[in-house]
Amino acid sequence: MVGLLSPPRVAKEPSPVGEVEKLVEYRTAHCSAHSEAASYHTNHPARVQFRFANPIMCRLTAGHKVMRVGGSEAFGFDVGDTMYVPPGVEIDIDLGAARPDAPIECDCFEIEAGRMGNLIGRLNESLSAKGQDLSVALNWNEFAVYRGEEAESLRLGSLMSMFRGERDLLADARIEARIDETVLALLHLRSSDLLTFEKMTDVDNGVMAAARLIRNNLDRQLSSDELARTACMSISTLHRQFQKHFGTSPRKFANQLRIAEAKRQLRASKGSIEGMAARLAFSDVSHFTRQFRSSVGETPAEYRRRRETGHIMQHWE
């Protein structure tokens, strides 16, 4: 386990002589072999906006926020409340209640989009193996808020304790199993909003076959023609079905899986970044670095260094 304290996010407010920078929040990251969680500590009133490249789960542990998600009406977010937000959806957060002596604190878990797709794929494979003719798809536009007993049942506090705790041989495996369990639980609690159920068709089987081909061949770039042949559909239909099932295009789906695998390798080994780029079928290390930074917010070298040494990085709003 690594706990990394990053400097505060900074909000800029206009003043008679220009912009004034205000310290907003500190972020502490906790890493396992395959996943990352973060604790946010906000000590100054501010209003911030976020968009995450991956789905997130977050739980408020102190204070009070006013939230707007994807243009929704404002709603209060209190201690114990938990929220799931899909990738690319804007989260507007009013931190007006934050004070140095009464900070706002929350825990946040980022879930790789490819992992969500894999979970849905496994659900469909399980349904098929049991003779069910249902297909499950994730609604990539809907968020969900959980309160009271529902929020408690997700046990995100316990999950964060696992990230912060001492590690034995099986600790990382337990964390990964708990994350999958938690994601399935939050989907189950809001299945009518977050999931769609349809009769299984050859089209559904085809798009799952194409997704498996991508997952099993991260070391090479697969053409749209090859994926469409595997799925037994046209290229245009393939793209529509990927958007329906995974919320993105086949190319972006493949890149999400490659970036997730790159993060795993960066945490687990000291191998060269150039070799990693080649193994994951990026055209060159510059292309890999651009894609990684666009998704993660830092370069591969910075990501590795910060997790090895606790190197402090600047975060700006």
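Predicted model: local features only at pLDDT ≥ 70, side-chain atom pairs only at ≥ 80, totals over all residues.
1. Let's start with the chain as a whole. The protein chain has 317 residues, and 48% of them are buried. Its secondary structure consists of 12 helices and 13 strands.

2. Next, the contacts and the surface. Of the contacts in the protein chain with a separation of 6 or more, 66% join residues 24 or more positions apart. The chain's accessible surface is about 15,000 Å², with 51% of that belonging to carbon and sulfur atoms.

3. Now for the inside. Rolling a probe the size of a water molecule over the atoms shows where empty space is left. Across the whole structure, two cavities of 30 Å³ or more turn up.

4. The largest cavity holds about 160 Å³ of space. Its lining has 15 residues, and Tyr40, Phe50, Lys65, Ile93 and Cys106 are the ones nearest the centre. At least two lining residues come from each of strand 3 (36-42), strand 5 (56-62), strand 6 (64-69), strand 9 (91-94) and strand 10 (104-110). By class, the lining has 12 nonpolar residues, one polar and two charged.

5. The second largest cavity has a volume of about 110 Å³. Among the residues lining this cavity are His34, Phe109, Arg115, Phe163, Ile179, Lys263 and Arg267. Strand 10 and helix 9 (250-268) are the elements that give two or more residues to this lining. Here the lining divides into six charged residues, four nonpolar and two polar.

Terms used. Residues numbered from 1 in each chain as written. Heavy atoms only, no water. 1 Å grid on protein atoms, 1.4 Å probe; cavity = no way out; pocket = protein on both sides within 12 Å on 5 of 7 lines; lining within 4 Å. Points joined across faces, edges and corners; volume = space filled by probe spheres on them. Helix = DSSP H or I, 4+ residues; strand = E, 2+ residues; numbered from the N terminus. Nonpolar A, V, L, I, M, F, W, Y, C, P; charged D, E, K, R; others polar. Buried < 20%, exposed > 50% of the residue type's maximum accessible area, 1.4 Å probe, protein only. Contact = heavy atoms within 4.5 Å. Areas by Shrake-Rupley, 256 points an atom, 1.4 Å probe, with all protein chains shown as cover.
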